Amino acid sequence: MPKVTFIKVDGEKVEADAKVGNTVMEVAKELDLPMLAACGGALACATCHVVVDEDWYDKTGEVCEDEEDLLDTAHDLTPTSRLCCQIKVTEDTDGLVVKLTPMS
Amino acid sequence: MTKQSQHITDVAIIGAGPVGLFSVFQCGMLKMSTQVIDALPATGGQCTALYPEKPIFDIPAAPKVSGAELIERLEEQIKPFNPVFHLNQQVVSLERQEEGWQLTTSKGTTVSAKAIIIAAGAGAFGPNKPPLANIEQYENKSVHYLVQNREQFRDQRIVIAGGGDSAVDWALALADIAAETYVVHRRDRFRALPESVAQMRALADQGKIELVIPYQLASLEGEGDQLSAVNIKTLEGEERRLEADHMLSFFGLVNKLGPINDWGLDVHNGVINVEPTTCATNIEGIFAVGDIASYPHKLKLILSGFAEVAQAAHAAFKFVNPDEALHFEHSTSSGVPSL
């Protein structure tokens, strides 16, 4: 199973097996990580904002216009910021590293 | 909405979204009176505020219904129970009373109730505030999330942050009267009416405003409640300093649990853990339903919320009527009160 590593705000790393087809947000919620993901993946908020490790950014897929619009309402953006409800786990993402952002 | 500020009811409902509205119905069927509090000026919660036009397909017996229409139909359904709403005010405190609880809102309204149903969704809607150090000290004086009076910005230096309709509209409104108008946005695309965006770009070409792109907010400078500069940075970390007297921050609305966090409820990652068969929280007499309620395998669906409300209303009955027998009845037998 592809692996995903989450880096918490305090630096703690959590590595997990992820099912192909799930989103990275679903993997994080399953692990009960500190993330609001308030809208549940409906592309209606920006509370699952993560910073993707630069080496992995290109593997996380296209950013659609709705996600861009929501990223406009996120804070402390980086060039590799994503809403992780929009990142699908695939065989290609095996080893993916994402950093969580503070829960506001 | 009533003008009086002190109220007594059987069950106080926090949140006027679809699940909060249906709480009025379920409590009403058990002859419990209700009053509903919501932070937004209108009922409907996210259905009204976020997706009034979007069709919903998973409401039983309503193959396709828009957010706005769902709320209209729920209001129709609860009318026989004469719901009382306290809108445009957030619940700020909860106090234990001899019999039940008293809630106080941001407008000073108090509602005393024997039981409470929290149907607060993802929390109360409020401005999405940028996480800048000490931003609170400038709020209302020189940092604004909502603007009513354009004249207060005459001859002032204004930083507008954000890329939606509010940012664009206020850039247009202030270009002629402000000393300087900066629009700080992270990219060169605006989520606003194309005509307005075109007008804004024309003003920028004429030098009446400056579009400061691609930048985001970094920090604020000032003294007391008076802002003096807004520091901004690119995504790559390149910095710039904008001298300014006011900042208008337009990042839309976000949901916040707010004071509900401080009541001793079992809150985890923004949701309240409940006992799923009754929706009882860890505090006696307080129930949570809908998106804000959590239990193993919870689905954040409106339809789940409706069922949770029925469970919660039946479980709340004993707090409202401790000496009365709870008699289960179908609506086909009991009917609803006639209007």
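## Around Gly21(A)

Leaving aside residues up to four places away in sequence, Gly21(A) touches Lys88(A) and Val89(A); contact here means C-beta atoms, placed from the backbone, within 7 Å. This is a predicted model, where local features need pLDDT of at least 70, side-chain atom pairs count only at pLDDT 80 or more, and totals for chains, interfaces and linings use all residues. Residues are numbered from 1 along each chain as its sequence is written, while chains are lettered from A and ligands numbered from 1 in the order in which they are written.

Gly21(A) sits in the loop between strand S2 (13–17) and helix H1 (24–30) of chain A. Helices (H or I, at least four residues) and strands (E, at least two) are DSSP runs, numbered from the N terminus. Gly21(A) counts as exposed because it has 9 C-beta neighbours inside 10 Å; the cut-offs are 20 or more other C-beta atoms within 10 Å for buried, 12 or fewer for exposed, and partly exposed in between. Go 18 residues along the chain and you reach Cys39(A), with 19 Å between the two C-alpha atoms.

## Where the chains meet

Between the two chains, 18 residues of chain B are in contact with 15 residues of chain A. The chain B side splits into six nonpolar, eight polar and four charged residues. For those classes, Ala, Val, Leu, Ile, Met, Phe, Trp, Tyr, Cys and Pro are nonpolar, Asp, Glu, Lys and Arg are charged, and the others, Gly among them, are polar.

## Domains of chain B

Chain B is assigned domain 1 (6–126 + 254–334) and domain 2 (129–251), with bounds from an automatic or database domain assignment. Taken over C-alpha atoms, their centres are 38 Å apart.

## Strands and a helix in chain B

Now for the open sheet: its five strands run in the order S10-S17-S11-S12-S13 (chain B), with parallel pairing. Strands pair if DSSP finds at least two bridges between them. Strand S10 (143–144) and strand S13 (210–212) of chain B are the edges, each pairing on one side only. Inside the sheet, S11 (157–161) and S12 (180–184) of chain B share five bridges, and Ile158(B) has Thr181(B) as its bridge partner.

S15 (226–233) and S16 (239–243) of chain B run antiparallel, joined by five bridges, with Lys233(B) partnered by Glu239(B). They form a hairpin with five residues between them, and Gly237(B) in the turn has a positive phi of about 100 degrees.

After H6(B) comes Gly207(B), with a positive phi near 80 degrees.
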